[in-house]
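My entries follow the structure.

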Amino acid sequence: MEKTTAIEMMGISKSFGPIQANKDVYLDVSQGEVHAILGENGAGKSTLMNMLSGIYTPDSGMIRLYGEPVRFSSPKDAIRRGIGMIYQHFNLVDVMTATENILIGQPVGFMLRTKSLSHKIRELSDRYGLDIDPDKCVCDMSVGEKQTLEILKVLYRGARILIMDEPTAVLTPQEIKKLFRIIRNMKQQGCAVVIITHKLNEVMEISDRVTVLRKGSSIGTVNTMDVDIPNLIEMMVGKKVDLQITKKSIDADRRQVLLEMDEVTVLDSEGKKALSEVSFELRKYEILGVAGVANSGQKELCESIAGLIRPDKGRIFFEGDNLVGKTPRDIIQLGIRMGFIPEDRLGMGLVGSMDIVSNIILKDYQNQPGLLIQKEECTEKAKKIVRELDIQTPSIYTSVQQLSGGNIQKVLLGREIDSSPKVLITAYAVRGLDIGASYKIYDMLNEQKEKGVGVLFVGEDLDVLMDLCDRILVLCHGEVTGIVDPSGVTKEEIGLLMTGRRKEVEVNAQ
Amino acid sequence: MIALRVTKRDVMPRKKEYAVRVLAVVLSIVFAGVIMLFFGLDPFEIFKSLVVGSVGTQMRIKQTLIKAIPLCIASLGISVAFRMKFWNIGAEGQITLGAAAATFVALNLGQTTPKPVMLLVMAMAAIVAGGLWAFIPAIFKAKLGTNETIFTLMLNYIAIKFVMYLQYGPWIDPAAQGFPKIAMFSENAILPNVFGLHIGWIIALVLVIVVHVFISKTKKGYEISVVGQSVETARYAGMNISNIIITAMLLSGGMCGLVGMIQASAIEKSLVYSIANNYGFTAIITAWLARLNSAAILLVCIVFAMLIQGGAYIQIAMNVPSSVSSIVQGTILFFVLGSEFFLQYKIGRVPQLQKEVA
């Protein structure tokens with residue numbers, strides 16, 4: 001089939017101050033092609049796409065659409081030329097219906113001509129296989145539906161080129177399948193689809209060609225059919241890496257119960273159940289994974305163990321003590337440490353404007369005698385953590401907010417691990433980390449497990465959860481829908497649990 | 001059309017940062033000069049008089065320092081609260097009540113009390129009163145999450161009106177033949193002079209060091225900084241946030257209360273309802289301009305005291321309203337705060353669009 005080129009980006013460079021986000025990048029995407037942009041965090045994927053969608057303007061280089069040079073000065077220009085971008089965070093109004101959301105910002109007359117609109121929506125839905133009820137309110141939609149609506153929105157605005165930023169990050173395996181079906185339909189209709197991702201399996205499954213970015217430059221474009229995953233990793237990282245999570249199973253008799261949650265219920269500020277009668281045991285020498293789509297109660301689960309929120313019902317036992325009612329301070333003293341990586345990385349756990357030493361000291365200073373704060377000991381500790389975790393920083397007196405995301409995370413996790421905890425709670429520990437750093441973190445968690453620590457690992461990537469964890473607890477809407485042994489289930493089965501289908505017989509991992 | 005675009009800057013080198021700030025001050029003076037020209041005044045003459053009027057003679061230097069002392073101590077107090085992002089704009093009221101408490105002690109403890117005892121008790125009373133006045137908004141903020149800005153602001157007026165009531169009512173000096181004033185302090189309630197200036201200057205210098213050490217070296221100071229940066233992080237670290245807010249405000253209010261005692265004892269030698277004399281508000285500006293840094297507070301407060309003193313001088317000597325000095329203060333504030341923007345963002349030109357070949 002003769003394919004015309006939809007997008008050509010030639011020699012694109014962009015820098016932010018001294019940081020060169022993109023350097024001489026080349027990219028071409030044809031009509032009817034699914035093109036994956038692959039790269040580690042900070043490789044410049046998002047910057048590149050933001051230039052294509054008009055948010056940034058390149059410092060140099062040229063963009064051509066269907067052979068014509070274009071220069072966008074705002075996202076509006078890009079939309080006008082048929083480029084639609086779908087972000088990770090949806091821009092939808094919760095209280096409005098699908099139709100109303102599509103209409104927002106559109107030049108319409110005084111009256112809403114819902115009828116002709118409904119017609120057009122139906123036509124688009126049919127053509128691309130989008131399964132959307134035009135009158136459904138956004139607040140009643142699942143994450144997958146919301147994403148479909150976002151796609152419909154840009155298609156309605158006439159997009160023929162779709163850019164999707166990490167579209168699968170928030171979806172269950174079933175929803176991912178559905179999304180891929182939609183993407184294939186769009187491809188058949190002659191649209192060009194660009195997907196930004198760092199999940200290699202998905203690249204192999206959906207894309208026709210892959211462009212790999214590394215440190216801002218384009219390393220090369222390959223046909224997906226001609227490569228395998230190790231090749232791609234080598235292109236991304238620049239060297240061969242050994243990506244094996246070795247799971248050591250420890251004898252069952254040493255795995256005594258460390259922490260027990262007994263029918264814990266937590267209500268959110270609106271009185272809805274954020275956690276509903278959650279019961280599980282965390283044992284020594286194990287990593288217990290927590291799977292679930294975003295906001296299924298993971299945060300509440302972690303916070304109620306750490307004493308940051310008080311359960312409305314239920315008990316939490318740690319070495320025979322009920323933790324409910326204890327202050328966060330007491331719980332830290334008991335040896336329960338938590339590292340929660342929020343989306344902005346700095347919101348919890350670290351103080352951005354302070355240096356590494358002052359951040360390392362954050363949980364220890366209260367144990368020091370006297371009124372003054374003693375930094376000497378922590379200076380040593382900071383040096384050790386920086387050295388052992390290979391944190392890239394000019395010095396230990398650099399303020400944390402100047403570090404890159406991965407290094408910030410290492411500081412946070414390094415501090416928690418350094419305190420030799422008995423229970424380690426990590427949430428999204430590898431969020432935004434590059435491959436090498438992620439595996440470094442997995443190794444660290446495994447080390448902790450072998451020391452007898454009970455690790456609660458709240459994760460996003462099911463593949464990783466299955467490779468790393470001894471057992472996986474699945475949350476859906478604050479309920480435990482199953483606790484499974486990863487060796488005994490498939491990804492799809494976990495996916496079903498994530499959507500709320502309870503497993504009849506729990507596979508008990510021992 | 002030239003389109004301008006604002007982009008976020010990376011962290012600037014220290015040297016350049018200072019250069020921008022100095023430039024801002026210079027520009028503010030130039031700009032103030034232009035305003036003066038506009039009003040038909042000679043800016044060179046006025047700036048010269050501002051300097052001469054504030055440091056020209058020994059007497060004037062003393063007057064300038066007398067104004068710098070309360071400004072400096074109040075700024076230090078405010079800086080502790082501000083570091084926690086607790087916007088205490090209630091210094092004026094805390095000063096007023098501190099003065100009232102000190103006065104209560106001075107008038108009731110008896111003339112035979114030894115001077116050191118009397119002054120210490122007065123200072124303690126003032127610190128407690130100022131601290132308590134700050135404690136009210138603090139506890140409401142800590143427990144109920146009320147807005148401290150409005151709360152502290154309103155408490156100023158309650159404090160001032162309360163002292164006015166005392167001055168016109170219960171505390172009126174019977175010897176003043178119906179004139180609404182409170183009795184003068186006896187000799188043992190008046191702060192001594194050291195090197196010709198009341199001892200407040202030593203207190204101010206000591207506090208500069210104490211506050212610096214407190215913020216940068218103590219656990220409580222560290223906690224206050226963490227809470228100011230991120231309440232969530234403080235929570236995760238197991239800090240007792242209510243406790244920290246209340247401690248910081250007791251300290252902040254306490255220092256402002258002490259200002260009240262110093263002013264009542266050394267300057268007015270009595271209590272008047274206008275004892276705070278706007279120092280509590282000016283101190284917000286000085287604390288902010290000094291970026292809450294103790295040593296910088298000392299410097300900025302001396303400069304502002306010069307402006308206040310110089311402003312009074314030009315009014316008398318040149319018949320120019322002292323508002324001119326306020327204009328200079330205002331433009332300095334405007335330019336220095338404005339320079340923050342340039343420290344964080346830079347402005348560049350958007351590359352011109354190429355004509356699309358459509």
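I took axes as lines fitted to C-alpha atoms, for helices over the stretch in contact, with angles from 0 to 180 degrees between N-to-C directions. The model is predicted, and I note that local features need pLDDT of at least 70, side-chain atom pairs count only at pLDDT 80 or more, and totals for chains, interfaces and linings use all residues. Residues are numbered from 1 along each chain as its sequence is written, and chains are lettered from A and ligands numbered from 1 in the order in which they are written.

Entry on the sheet. I looked up the strand order and found an open sheet of 4 strands, E12-E11-E14-E15 (chain A), with antiparallel pairing. Strands E12 (273-283) and E15 (321-322) of chain A are at the edges with a single partner strand each, so one side of each has no neighbour in the sheet. E14 (residues 313-318) of chain A pairs with E15(A) in the antiparallel sense over 2 bridges; Phe318(A) has Asp321(A) in E15(A) as its bridge partner.

Entry on the helix. I found helix H9 (residues 298-306) of chain A lying across E11 (257-267), E12 and E14 of chain A, at about 65 degrees to E12(A). Contact means C-beta atoms, placed from the backbone, within 7 Å.

Entry on the domains. By an automatic or database assignment, chain A has domain 1 (5-237), domain 2 (256-335 + 423-510) and domain 3 (350-420). The C-alpha centres of domains 2 and 3 of chain A lie 26 Å apart. Their contact takes 12 residues from domain 2 of chain A and 8 residues from domain 3 of chain A.

How values were computed
Two strands pair if DSSP finds at least two bridges between them. Two residues are in contact if their C-beta atoms, placed from the backbone, lie within 7 Å.
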